[in-house]
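Let us take a walk through this structure together. Have a look at the model below, and then we will go through it piece by piece.

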Amino acid sequence: MSKLQTEIALSTTEAEYIALSTACRELLPMREMFNELRQYLDILPLIPQVKCTLFDDNVGAETLAE
């Protein structure tokens with residue numbers, strides 16, 4: 001999804017890294033919430049472990065993130 005960034009980036013790598021960081025800040029709390037819900041619901045065998053994959057097409061941003 002496209003979204004206007006609130007920070008000013010001076011390079012494409014920086015802009016991609018900011019976008020990756022924003023995605024992680026939205027993804028990680030949701031993943032933790034799903035994992036907590038699994039503990040309280042009696043349908044544990046039916047719910048697979050929550051795994052998330054983020055994709056990025058900028059090698060510099062990937063290097064910074066790693």
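**Starting in the loop**

Asparagine 58 is found in the loop between α1 and α2; helices (H or I, at least four residues) and strands (E, at least two) are DSSP runs, numbered from the N terminus. Before going on, please keep in mind that this is a predicted model, in which local features need pLDDT of at least 70, side-chain atom pairs count only at pLDDT 80 or more, and totals for chains, interfaces and linings use all residues. Residues are numbered from 1 along each chain as its sequence is written, and side-chain values use heavy atoms, with hydrogens and water left out.

Is asparagine 58 buried or exposed? Asparagine 58 counts as buried because its relative accessibility is 12% (buried means under 20% relative accessible area, exposed over 50%, partly exposed in between, with a 1.4 Å probe and protein chains only). The side chain of asparagine 58 reaches the backbone nitrogen of glycine 60 at 3.0 Å, and it also reaches the backbone nitrogen of alanine 61 at 3.0 Å. Not counting residues up to four places away in sequence, asparagine 58 touches Thr12, Thr13 and Glu16, where contact means heavy atoms within 4.5 Å.

Aspartate 56 lies in the loop between α1 and α2 as well. Which side chain of opposite charge is nearest to aspartate 56? That is arginine 25, 13 Å away; aspartate 56 is buried yet has no salt bridge (a side-chain nitrogen of Lys or Arg within 4 Å of a carboxyl oxygen of Asp or Glu). For charges, Lys and Arg count as positive and Asp and Glu as negative, while His and the chain ends are not counted. With neighbours within four places in sequence left aside, aspartate 56 is in contact with Glu16, Leu20, Ala61 and Glu62.

Leucine 54 has its place in the loop between α1 and α2 (59-65). Leucine 54 counts as partly exposed because its relative accessibility is 38%. Beyond its neighbours within four places in sequence, leucine 54 is in contact with Leu20, Ala23, Cys24 and Leu27. The C-alpha atoms of leucine 54 and leucine 27 are separated by 9.4 Å, with the two residues 27 apart along the chain.

Now for the helix. Glutamate 14 sits in helix α1 (residues 12-40) and counts as partly exposed because its relative accessibility is 33%. The side chain of glutamate 14 reaches the backbone nitrogen of leucine 10 at 3.0 Å. Between the C-alpha atoms of glutamate 14 and alanine 61, which are 47 residues apart along the chain, the separation is 6.9 Å.

Methionine 33 is also part of helix α1, and it is partly exposed because its relative accessible area is 43%. Together with Met30, Phe34, Leu37 and Leu41, Met33 makes a nonpolar surface patch of about 450 Å². Patches are made of residues with over 30% relative accessible area and no salt bridge: like charges are joined within 9 Å, nonpolar side chains (Val, Leu, Ile, Met, Phe, Trp, Tyr) within 5 Å.

Finally, the overall picture. The protein has 2 helices and 0 strands, and 8% of its 66 residues count as buried. Among contacts between residues at least 6 apart in sequence, 51% join residues at least 24 apart. The protein exposes about 5800 Å², with carbon and sulfur atoms supplying 60% of it; accessible areas come from the Shrake-Rupley method with a 1.4 Å probe, and for residues only the protein chains shown count as cover.

Terms used
Polar contact = N/O pair within 3.5 Å; in protein donor to acceptor, adjacent residues only side chain to side chain.
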